[in-house]
Amino acid sequence: MDAPGDAEGPSPPEGDGEQRLGGSDDDPAASARGTPSRLSREQLFVLISAASLNLGCMMSYSILGPFFPKEAEKKGASNTVIGMIFGCYALFELLASLFFGKYLVQIGAKFMFVSGMFVSGGVTIIFGLLDQVPDGPIFITMCFLVRITDAISFSAAITASFSILAKAFPNHVATVLGSLEIFSGLGLVLGPPLGGFLYQSFGYEVPFILLGCIILLMVPLTMYILPSYEESNPGHHSFWKLISLPKVALITLIITSLSACFGFLDPTLSLFVLKKFNLPAGHVGLVFLGLALSYTISSPFCGLLSDKMPHLRKWFLVFGNIITAGCYMLLGPVPFLHIQSQLWLLVLMLVIIGISSGMSTIPTFPEIISCAHENGFEEGLSTLALVSGLFSAVWSVGAFMGPTLGGFLYEKIGFEWAAAVQGLWALTSGLLMGLFYLLEYSRRRTRSNLENIVGTEEEQRPLLPDENQP
């Protein structure tokens with residue numbers, strides 16, 4: 001990945017030099033802005049740390065899909081409760097993201113990253129011991145407690161990760177985030193089939209204990225190699241000022257809808273596939289593979305295009321959501337289309353959803369950063385922390401509503417109609433974003449015409465008064 005260190009990349013925005021953490025050559029922020037011909041040591045260490053976080057945490061998150069709903073049903077949990085167990089993770093990630101984004105400068109980015117990763121690995125191991133808990137309310141309560149703790153720890157780590165990445169690669173945010181989605185995608189790819197295989201072979205405990213230990217083994221490495229990005233000025237802007245910007249508000253709606261689309265599949269897709277196509281748990285994980293693999297492959301290209309050609313971001317945001325909406329209509333498919341449900345069609349739609357989701361998700365982070373800077377937010381770690389916290393928070397809103405609403409709708413109206421309802425959400429957000437860009441283009445064109453008219457009148461106005469006039 002040579003784009004982050006490309007010497008021909010755009011120059012840093014004005015004022016950025018005032019936010020440097022020092023003038024020495026050892027300063028990570030300074031070396032990032034130097035745009036060397038290749039990755040600096042600090043940048044490489046940041047990428048390794050963030051990649052290990054994405055891989056480990058996404059594996060532990062996605063491992064639940066193929067077998068946990070079935071295991072929870074045996075323990076007395078209804079489909080609605082299962083959806084809430086998935087969804088509570090996102091709800092508390094939302095609350096924690098707002099807190100960590102606001103106080104990241106005071107807490108310290110590196111400490112927040114490492115401690116969040118450590119706690120996440122520990123609670124993943126604890127989750128693997130829940131099958132020893134008595135059935136019914138005690139099991140359900142323990143599931144909620146462990147998931148909530150995991151959500152808070154992951155929120156701390158991912159908020160710090162986004163902020164550090166944006167600080168280390170100020171001119172290549174989309175490229176770096178898109179490239180790191182390879183590791184998020186690998187986690188999503190490896191998690192379900194690995195979890196299903198380990199569950200079938202060794203039982204409930206082994207998948208969680210193994211992944212929890214892997215995450216804990218990454219902690220000492222991260223503590224050693226991750227550079228420190230600290231800043232004394234916490235900034236004076238707030239989340240509310242950021243989200244009150246119309247463009248940012250619409251982008252957060254897109255992020256929420258896409259997150260809900262992903263989260264909807266967690267408690268519903270495995271049950272639908274098991275019931276509709278009679279697949280074993282190990283093969284259900286392979287169905288999830290279509291979505292994760294296509295998202296993994298497409299995200300780096302979307303990020304690279306977003307950085308090299310920023311004008312394409314608006315098209316990615318709008319059409320990515322519209323394509324996602326159409327695929328969710330065909331995922332069941334929705335009954336009024338009178339198309340027979342087939343496994344190949346389901347997998348194909350998941351593949352296209354992965355690509356369209358990459359188109360819509362990757363440009364959102366740099367778009368919010370650029371919008372914030374255009375509206376007076378200071379260029380430094382405090383603003384990056386606000387954007388990171390906001391991104392994580394609104395993603396969590398969708399990740400909470402997707403599984404919770406999905407589990408409820410699955411029980412009431414079935415998977416086919418529930419997926420169609422989810423698709424309408426993506427369609428609405430995409431159309432609203434498109435309408436905003438049309439209005440923005442119209443206002444700019446009107447302003448440009450007025451400026452041309454005024455300029456023409458000034459050119460035609462005589463510099464001296466006409467001598468023939470009385």
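This is a predicted model: local features need pLDDT of at least 70, side-chain atom pairs count only at pLDDT 80 or more; totals for chains, interfaces and linings use all residues.
View A. Helix H5 (109–127) and H6 are the elements that give two or more residues here; helices (H or I, at least four residues) are DSSP runs, numbered from the N terminus. By class there are 5 nonpolar, 2 polar and 2 charged residues. For the classes, Ala, Val, Leu, Ile, Met, Phe, Trp, Tyr, Cys and Pro count as nonpolar, Asp, Glu, Lys and Arg as charged, and the others, Gly among them, as polar. A cavity is a set of points on a 1 Å grid over the protein atoms alone where a 1.4 Å probe fits but cannot get out; a pocket is an open set with protein on both sides within 12 Å along at least five of seven lines; lining residues have an atom within 4 Å of a point. Grid points are joined across faces, edges and corners, and a volume is the space filled by probe spheres set on the points.

**View B. The largest cavity, about 780 Å³.** The count comes to 4 cavities of 30 Å³ or more. The largest one is lined by 36 residues, with Met58, Glu181, Leu188, Phe262 and Trp395 nearest its centre. H7 has the largest share, 6 residues. The lining splits into 24 nonpolar, 9 polar and 3 charged residues.

**View C. The second largest pocket, about 270 Å³.** Lys314, Trp315, Val318, Phe319, Gly434, Tyr437, Leu438, Glu440, Tyr441 and Arg444 make up the lining. H12 and H15 are the elements that give two or more residues to this pocket, and H15 gives the most, with 6. Sorted by class, the pocket lining has 6 nonpolar, 1 polar and 3 charged residues. Look for Lys314, whose charged end sits over the ring of Tyr437, 5.7 Å from its centre (the rule: NZ of Lys or CZ of Arg within 6 Å of the ring centre and within 35 degrees of the ring normal).

**View D. Tilted aromatic pairs, Phe99 with Tyr103 and Phe336 with Trp417.** The whole structure has 16 aromatic pairs. Rings of Phe, Tyr and Trp (its six-membered ring) pair if their centres lie within 6.5 Å; planes under 30 degrees apart count as stacked, over 60 as edge-to-face and the rest as tilted. Phe99 and Tyr103 are 5.1 Å centre to centre, with 45° between the planes. Both lie in helix H4 (residues 79–107), 4 residues apart, about one turn of the helix. Phe99 is partly exposed at 44% relative accessible area, and Tyr103 is partly exposed at 37% (buried means under 20%, exposed over 50%, partly exposed in between, with a 1.4 Å probe and protein chains only). For Phe336 and Trp417, the ring centres are 6.0 Å apart and the planes at 45°. Phe336 lies in the loop between helix H12 (313–331) and helix H13 (343–361) and Trp417 in helix H15 (residues 381–460), so the pair ties together parts 81 residues apart in sequence.

Definitions and conventions
Residues are numbered from 1 along each chain as its sequence is written. Side-chain values use heavy atoms; hydrogens and water are left out.
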